[in-house]
Amino acid sequence: MPITGVNHITLCVTDLDRSLAFYRDVLGGRLAAGGGRAAYLELGTLWLCLEVAAAVATREDDSHFALACAPRDFDALAARIDAHAPRWKENRSEGASLYFRDPDGHKLELHVGELESRLAHYRAHPDKGMEVVDT
């Protein structure tokens, strides 16, 4: 039974209204359901649950999730995000990326590219030390 994709991601937040405003108004999510201590949004094909918690712990490593956008939309969306969210890392990878934090400090990335473009990059740059497994 293979995995078919990501079903949903749940992020704990300390202020649901503030987080809804960020994910809806800044990132363009569509509110699908909300009430009480949780809300569900659609961000493209991602189903995101925001769940209220008394406190949220942030990580200091590179753990994050990346959101995809079309190349033609990257600059405008990146500018909108920059106006509302702090960056946590500069892009040093293949493809256009913006690394930013949501209001509770969760690490996110806006990225242009797909797995195939990343693999093509590593094939073209064997000096990066990444071996591409072709099956």
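A residue is called buried when its relative accessible area is under 20%, exposed when the area is over 50%, and partly exposed in between (1.4 Å probe, protein chains only). The structure is a predicted model, in which local features need pLDDT of at least 70, side-chain atom pairs count only at pLDDT 80 or more, and totals for chains, interfaces and linings use all residues. Residues are numbered from 1 along each chain as its sequence is written, and side-chain values use heavy atoms, with hydrogens and water left out.

**Exercise 1.** State how the secondary structure of the protein chain is made up and in which order its elements run.

*Solution.* Helices (H or I, at least four residues) and strands (E, at least two) are DSSP runs, numbered from the N terminus. The protein chain has three helices and eight strands. Read from the N terminus, their order is β-α-β-β-β-β-α-β-β-β-α.

**Exercise 2.** Determine what share of the protein chain is buried, and which residues of helix 1 are buried.

*Solution.* Of the 135 residues in the protein chain, 37% are buried. Helix 1 covers residues 16-26, and its buried residues are Leu16, Ser19, Leu20, Phe22, Tyr23 and Val26. An α-helix has 3.6 residues a turn, so residues three or four places apart point the same way.

**Exercise 3.** Describe what is found at the start of helix 1 and just after helix 1.

*Solution.* At the start of helix 1, a side-chain oxygen of aspartate 15 comes to within 3.2 Å of the backbone nitrogen of aspartate 17. Just after helix 1, glycine 28 has a positive phi of about 85°.

How values were computed:
A polar contact is a pair of N or O atoms within 3.5 Å; within protein, one must be able to donate a hydrogen and the other to accept it, and residues adjacent in sequence count only if both atoms are side-chain atoms.
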